[in-house]
Amino acid sequence: MMATPLVVSDVAKSFTMHLRDGVTLPVVTGVSFSIRAGECAVLGGPSGAGKSSILKMLYGNYAVDEGQIIVQHGGGLIDLASASPRTVLAVRRHTIGYVSQFLRTVPRVPALDVVAEPLVERGEDREIARAKARSLLAQLNLPEKLWALPPATFSGGEQQRVNIARGFITEHPILLLDEPTASLDAKNRDVVVELIAAKKAAGVALLGIFHDLDVREAVADRVIDVTAFAAGKIAA
Amino acid sequence: MTDEPLLRVSALSKFYGSRVGCENVTFDLWPGEVLAVVGESGSGKTTLLNCLSTRLLPSSGTASYRMRDGLWRELYRMSEAERRFLMRTDWGFVHQNPADGLRMTVSAGANVGERLMAVGDRHYGRIRATAVDWLSRVEIDEDRIDDEPRAFSGGMRQRLQIARNLVTGPRLVFMDEPTGGLDVSVQARLLDLLRGLVTDLGLAAIVVTHDLAVARLLSQRMMVMKDGRVVESGLTDRVLDDPRAPYTQLLVSSILQV
């Protein structure tokens, strides 16, 4: 495994709002950093500084205007900023995992299968994937009676735990975390801190956004100050 | 997963006289990939689908398909009989209105069995057993097998049409607004069913829809069409979460929030 699986250099992002006379909202510019295997870096800065936008670009969910996102993938290096949709999908399947803030639920799929799905997609046997999903959901204290139900009607904290289990079940070498602890109680926050520590020990490169100071203190090896990449004030 | 596409479309155009149906459409589709084509009525998405499925011949451009034997064939140079055979075996076409894709006056079992007979199966018991199996996969009770689709609800008819299309194990399925005209709860059930079948069978599919939620749930990639042209394409979640083209921004901003 390479020591630095993710290198971001000179990335810029803006939104052009065509419905508002083509006004351009700059988000970030000159974003440059790298993440080493086994470390957890945290994006810091106030709301609106572009932390989530950076994570979304790293996952291919937002387009990149300028710069490169070099990822160690499948034995080579690829630039995610210019990769084809098909390559981005392969990177998501094998290299970059992502725990979003909110769970996007699919009708009728039970929580257990929502969690097991990323492993099944990577070719794991369904029963082995489910067994691993059970153990993660138990570790995150999600009541067992919920496992067979679709998460659409779960509470915010329950959905977030399903989402975390789904994100942590695979062994992606890079893991992006967008406020994974926002709606959790102290006990479950501690579980997430343990899960992150285990990923670090396994050599995963983690990049996250954590507004919770205790969690941030507990997991961050360093903070990347996003205000350094400010692309000017957003004209409202 | 193979590294070769299943379908290669290059500079496809269809004109109706001087009017543009679709113009200069180019893309590749890989095995197991679901591509959504979105846009409002008149954007050319159905014209494109009909050209791709050879129900309509384009004015210019090419489309090549990788056959089961691995050989590439140019679709518009095949004979009518070859195209019909492809359509009956290796392809499926799910119409918005099930009545267009089903025979309404023969039984549900016969609707499914007919496609099997078209590929040469003549064994009645085996055909019936396969039909029963497929009806259950689309959640239709076995005791409805001898009923005509006329007696089915809209959602059941659509599920039957899907079974009829998938029974021959196609590699590519075209879908034209597969959930259009159904109640929301029926839609959700159908979408979930389609999503599961597409994943389990590793199907490639081209889904035409004006419903962005359907596109998000079913597809990995998306093309947005306006006035016959592709105005934006990319990963489905990228196009929906960070739309770049003015028209895509308008479409996305027009979704009603529930």
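These notes cover a helix pair, a nonpolar core and a chain contact in a predicted model.

1. Residues are numbered from 1 along each chain as its sequence is written, and chains are lettered from A in the order in which they are written. In this predicted model, local features need pLDDT of at least 70 and side-chain atom pairs count only at pLDDT 80 or more, while totals for chains, interfaces and linings use all residues.

2. Helix α6 (residues 154-166) and helix α7 (residues 184-201) of chain B pack at an angle of about 10°, their axes 10 Å apart. Axes are lines fitted to C-alpha atoms, for helices over the stretch in contact, and angles run from 0 to 180 degrees between N-to-C directions. α6(B) and α7(B) are therefore roughly parallel (angles under 35 degrees). Helices are DSSP runs of H or I with at least four residues, and strands are runs of E with at least two, numbered from the N terminus.

3. The largest nonpolar core has 129 residues, of which Val115(A), Ala165(A) and Val37(B) touch the most other members. Such a core is a set of buried Ala, Val, Leu, Ile, Met, Phe, Trp, Tyr and Cys residues joined through C-beta atoms within 7 Å; buried means 20 or more other C-beta atoms within 10 Å of the residue's own, with C-beta atoms placed from the backbone.

4. 18 residues of chain B are in contact with 13 residues of chain A (C-beta atoms, placed from the backbone, within 7 Å). The largest share of chain B's side, 4 residues, comes from α10(B).

Note on methods. Angles under 35 degrees count as roughly parallel, over 145 as roughly antiparallel, 65 to 115 as roughly perpendicular and the rest as oblique. A residue is buried if 20 or more other C-beta atoms lie within 10 Å of its own, exposed if 12 or fewer, and partly exposed in between; C-beta atoms are placed from the backbone. Two residues are in contact if their C-beta atoms, placed from the backbone, lie within 7 Å.
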